[in-house]
Protein chains: 4
Amino acid sequence: MSLRIIATGGTFEKHYDELQGKLGFAESQLPEVLKRARLTVPVELEVVSLIDSLDMVDQDRQDILESCRKSTEKAIVIIHGTDTMRETAEVIGAAKLDKAIVLTGAMIPYKIDNSDAFFNLGFACGVVQLLSPGVYVAMNGQVFAWDNVQKDRSAGIFVSKS
Amino acid sequence: MSLRIIATGGTFEKHYDELQGKLGFAESQLPEVLKRARLTVPVELEVVSLIDSLDMVDQDRQDILESCRKSTEKAIVIIHGTDTMRETAEVIGAAKLDKAIVLTGAMIPYKIDNSDAFFNLGFACGVVQLLSPGVYVAMNGQVFAWDNVQKDRSAGIFVSKS
Amino acid sequence: MSLRIIATGGTFEKHYDELQGKLGFAESQLPEVLKRARLTVPVELEVVSLIDSLDMVDQDRQDILESCRKSTEKAIVIIHGTDTMRETAEVIGAAKLDKAIVLTGAMIPYKIDNSDAFFNLGFACGVVQLLSPGVYVAMNGQVFAWDNVQKDRSAGIFVSKS
Amino acid sequence: MSLRIIATGGTFEKHYDELQGKLGFAESQLPEVLKRARLTVPVELEVVSLIDSLDMVDQDRQDILESCRKSTEKAIVIIHGTDTMRETAEVIGAAKLDKAIVLTGAMIPYKIDNSDAFFNLGFACGVVQLLSPGVYVAMNGQVFAWDNVQKDRSAGIFVSKS
């Protein structure tokens, strides 16, 4: 089984710009992150965007959907901001592609102390290989169906709707 | 679904003893690691041993097997040294428990730069929730059946036997 | 010789607030940082403020000056934001206290990958023990007199005025 | 003022060899470390050896002394293992060179969590610019004269002899 990993930005990828004195985006950190993971499964990395998911517009989600559609890999992990992860999952979920697609992200950027990013990526790379075709959100050590997930912003965790 | 995580030691848990000037074991780092993972699934952590897997004797593996047997959780992740991970997997595999049991570990200790430990833990915590009952080794982003895995020591990766 | 370390906030102390999704201040990280430094000289830590130095007003600088004045230690390190480090140095410098006072900070927060914070603190703790009474800025591995230093914002470094 | 930094190995430089499963030496990490320090003073880095200081023989110390002798920089920092730092300091001290020479190192390798290495380097780079010609050991936030220092191995700190 081979994997496609689609980078879109989000907290996972934020880095500190020392001249601006704030967090932003530079190059994707995923090449370095994937090397560290020592994967022996074939992985195709595709950087679709590097933006905060609050800044995503419809076209951005269509671009991600298009990448999923074109993917020859049947297992896809999407690195995405948590704030609108559900919205993007809904767009892709509605397309009913015959692939297992898992969205994940991070509450703390990969480059910042105590980040959950690397764990979440590992979790997503695992479940995506075993899940039936469909669209899922994987956060907090849980897999959620795309149409039954929401972010509890005050607690900073993902939960089922019902 | 709830998880049991069994700590046995191994490279994952090694820490640097600054008075001795070498790597060894102190307290398990898993409480801190699991907190960082922000899991919302119930997790039971059990520290069975904190030793190098090259130092494991039969009794150590029997102790791990016994913990698996007693576990009320049906999904178990075992943190284990990579050098004899296969041997322990064989002991547990032969017992044919009705649980999904995933052994994982790390090539570089969690506390050392560029460690794969946190990714591997995430990967194992994901697949263990989806796998059928059985015993597996999860390393390098792959799931191996307990009776079809070996460590390629010169390359530092796990591969299928055949 | 004993040292006083005065925390005022600044980039050095910024931490990532995962619920807000941005950098801010929580508790001072200096107790942990100083423990890591394994100092055997007596050190008195005093947290005067935890703010961005761009948000400092006159009273904040007077508070820092007052702490310097009251200090029974003759060697004082002030952890400060880089953006107005010079301004605070000028306020303290003009007071002509009979103490060696060194302001330092960081271009990248202590908790973020590739931070210069820990080096700068070490540098400041070293030079403050050897400098004559006076007020200095220590950044980029250099000691500057308080009345001959400025931040080159486009390069992200401190330089002499002349 | 320009600095010479002489790398000799020691705990500071140890890295984890994942194939051997133990700590050893590979390339010097100092180019990366110095870049992170954002120094604007001119620095000349010289790697004389990369060994454990317990493995040093007379010739190794003579090589270090020779590098100090040849140095056109008047301020020299030597990164050295802590176990025989005093012995090397004595060899160089006896040569009475007209330069400020500061030996430092680390109790925990730079690449391992909670390391003091980066602080110690900052401390040494600071004091070496202010000290009179002579040979010193800088550890634990203190400067020791070469002929009045010893390592307290049970406490893991450096102390004066008297």
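A residue counts as buried when its relative accessible area is under 20%, as exposed when that area is over 50%, and as partly exposed in between. Keep that scale in mind while you look around this predicted model, starting with chain C.

Find Arg153(C): its relative accessible area is 45%, so it is partly exposed. Its side chain meets that of Asp83(C) in a salt bridge, with 2.6 Å from N to O.

Now hop over to chain A. There, Asp83(A) and Arg153(A) join their side chains in a salt bridge of 2.6 Å, N to O. Asp83(A) lies in the loop between E5 and H3 of chain A, and Arg153(A) in the loop between E9 and E10, so to speak a link across 70 residues of chain. Asp83(A) has 22% relative accessibility and therefore counts as partly exposed; Arg153(A), at 45%, is partly exposed as well.

Chain D has a pair of its own: Arg153(D) and Asp83(D) form a salt bridge, again with 2.6 Å from N to O. Here too the partners are 70 residues apart, in the E9-E10 loop and the E5-H3 loop of chain D. Arg153(D) is partly exposed at 46%, and so is Asp83(D) at 21%. Back in chain A, salt bridges with shared partners tie Arg4(A), Glu46(A) and Glu73(A) into one network. Over all chains, the structure holds 44 salt bridges.

What about the place where chain B meets chain A? Each of the two chains brings 26 residues to the contact. Between them they bury about 2,500 Å², and carbon and sulfur atoms give 63% of that area. How many salt bridges cross this interface? The rule finds zero between chain B and chain A. Polar contacts do turn up, though, with 12 residue pairs counted at pLDDT 80 or more for both residues.

On the chain B side, the elements that give two or more residues are helix H1 (30-37) and helix H4 (117-127). H4(B) gives the most, with eight residues. Sorted by type, the chain B residues that touch chain A are 14 nonpolar, nine polar and three charged.

Note on methods:
Residues are numbered from 1 along each chain as its sequence is written. Chains are lettered from A and ligands numbered from 1 in the order in which they are written. Side-chain values use heavy atoms; hydrogens and water are left out. Contact means heavy atoms within 4.5 Å. Buried area is the accessible area (1.4 Å probe) that two parts lose on being put together, summed over both. A salt bridge is a side-chain nitrogen of Lys or Arg within 4 Å of a carboxyl oxygen of Asp or Glu. A polar contact is a pair of N or O atoms within 3.5 Å; within protein, one must be able to donate a hydrogen and the other to accept it, and residues adjacent in sequence count only if both atoms are side-chain atoms. Helices (H or I, at least four residues) and strands (E, at least two) are DSSP runs, numbered from the N terminus. Ala, Val, Leu, Ile, Met, Phe, Trp, Tyr, Cys and Pro count as nonpolar, Asp, Glu, Lys and Arg as charged, and the others, Gly among them, as polar. Buried means under 20% relative accessible area, exposed over 50%, partly exposed in between (1.4 Å probe, protein chains only).
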